[in-house]
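Q: I am new to this structure and would like to learn how to read it. Please take the features in turn, with the general idea ahead of the case.

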Amino acid sequence: MTAAGVPCVLMRGGTSKGLYLLAEDLPDAAPARDDLLMRLLGTPDARQIDGLGGATPLTSKVAVVSRSAQPGADIDYLFLQVGVDEAVVSDRQNCGNLLAGVGQFAVERGLVPAGDPETEVRIRMVNSGSVALTRFPTPAGVVQYAGDTAIAGVPGTAAPVVLEFADTVGSATGRLLPTGSVQDVIDGTPVTCVDNGMPVVVASAESFGLSGHEPHSELAANQQLLARIDRLRIQAGALMGLGDVTTQSVPKTTLVAEPRDGGMLATRTFIPVRPHTAIGVLGAISAATAVRLPGAVGHDLTTSWPADGVRVDIEHPTGHLVIEVDVDPAAEPPTVRRSGVVRTARKLFDGMAFPRG
């Protein structure tokens with residue numbers, strides 16, 4: 001780190017956008033590091049007008065990357081969710097969207113060698129300790145961002161990034177079903193609390209008097225709904241062993257409903273209270289895992305799903321997200337064999353970032 005600024009890459013990863021930095025360029029102590037990151041992003045300020053943040057939780061994110069000393073991993077990736085209008089930095093969750101750009105960043109920073117025609121990088125997600133495998137094109141040893149893969153929520157196309165996950169069960173809570181039950185009733189609402197890479201509270205949209213197909217803007221303007229979502233997730237957080245989550249970004253809340261656009265499951269997700277314009281990768285994997293479990297909220301929506309299928313087409317406000325989740329619901333407790341997704345990423349800026357004074 002220099003006195004004037006911090007070497008930084010601004011990158012879109014999946015349907016999120018954030019700063020990618022080397023751990024060595026940041027202060028070692030978390031309080032000093034977090035203070036610097038908030039000043040880089042312009043937090044706290046609802047507009048983040050004096051920083052690099054984009055004024056939403058989806059664009060106020062940070063990936064901190066370093067070589068890994070752990071066997072079986074090449075890179076360590078610490079995800080930090082930086083508040084927008086609140087001075088808070090959370091490390092209590094993973095982010096599967098920013099993950100889509102971590103391998104490319106590591107190659108371009110010389111942390112791992114590039115292959116030809118593609119590169120595989122084993123990434124330890126520091127937040128949970130689980131390892132993900134990312135695979136992306138590097139023809140002639142050069143990271144390629146251009147391609148013909150489209151993902152919902154992002155205009156245009158880019159090169160495909162394959163993400164495969166293992167050992168994501170209990171990422172933040174230690175258990176797939178953190179409350180010990182496949183279904184609970186919280187604040188009068190039936191829910192399933194699950195953690196397969198992301199702590200998520202799954203509830204039926206119908207329980208909230210919704211169809212599950214409301215536009216993002218309509219949900220964002222419904223203050224009564226948002227207050228109820230907040231009460232629900234705070235109580236769920238305590239039951240899930242996460243403690244007081246009042247100022248935390250997890251657990252997420254995902255409302256599920258019958259699909260209407262050719263998908264398999266319709267979703268509306270809140271992070272933690274603001275409605276998501278899409279759905280996060282690991283949040284989607286957790287929600288799909290939940291509804292596969294007999295007795296879970298939303299399990300009735302899976303009756304037409306292939307009995308031996310692992311691919312799930314999830315509808316969200318801006319399109320579809322296709323993921324793979326291989327669950328054994330008959331095991332005691334239920335187990336997850338593997339999960340994965342195809343994302344894209346694009347480098348937007350590489351240079352020096354200057355924090356607010």
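**Reading rings, cores and a helix**

A: The count of aromatic pairs comes to one, where rings of Phe, Tyr and Trp (its six-membered ring) pair if their centres lie within 6.5 Å. This is a predicted model, in which local features need pLDDT of at least 70 and side-chain atom pairs count only at pLDDT 80 or more, while totals for chains, interfaces and linings use all residues. Residues are numbered from 1 along each chain as its sequence is written, and side-chain values use heavy atoms, leaving out hydrogens and water.

Q: Which residues form the aromatic pair, and is it stacked, edge-to-face or tilted?

A: Planes under 30 degrees apart count as stacked, over 60 as edge-to-face and the rest as tilted. Y20 and F105 form a tilted pair, 5.9 Å centre to centre with 45° between the planes. Y20 lies in strand β2 (residues 16-22) and F105 in helix α2 (residues 99-108), so the pair ties together parts 85 residues apart in sequence. Helices (H or I, at least four residues) and strands (E, at least two) are DSSP runs, numbered from the N terminus.

Q: Is Y20 buried or exposed?

A: Buried means under 20% relative accessible area, exposed over 50%, and partly exposed in between (1.4 Å probe, protein chains only). Y20 has 0% relative accessibility and therefore counts as buried; F105, at 2%, also counts as buried.

Q: How many residues are in the largest nonpolar core?

A: In soluble globular proteins, nonpolar side chains tend to be buried together. A nonpolar core is a set of buried Ala, Val, Leu, Ile, Met, Phe, Trp, Tyr and Cys residues joined through side-chain atoms within 4.5 Å. The largest here has 62 residues, and Y20, L99 and F165 are among those with the most contacts inside it. Its largest share, eight residues, comes from helix α5 (residues 281-291). A second, separate core of 22 residues includes L232, A236, V245 and F270.

Q: Which residues of α4 are buried?

A: An α-helix has 3.6 residues a turn, so residues three or four places apart point the same way. In α4 (residues 223-239), the buried residues are L225, L226, I229, L232, R233, A236 and G237. They cover an arc of only 135° around the axis, which puts them on the same side of α4; the arc is that of the directions from the helix axis to the C-beta atoms. The face turned away from the buried side of α4 carries the exposed residues Q223 and Q224.

Note on methods:
Expected span 1.5 Å × (residues − 1).
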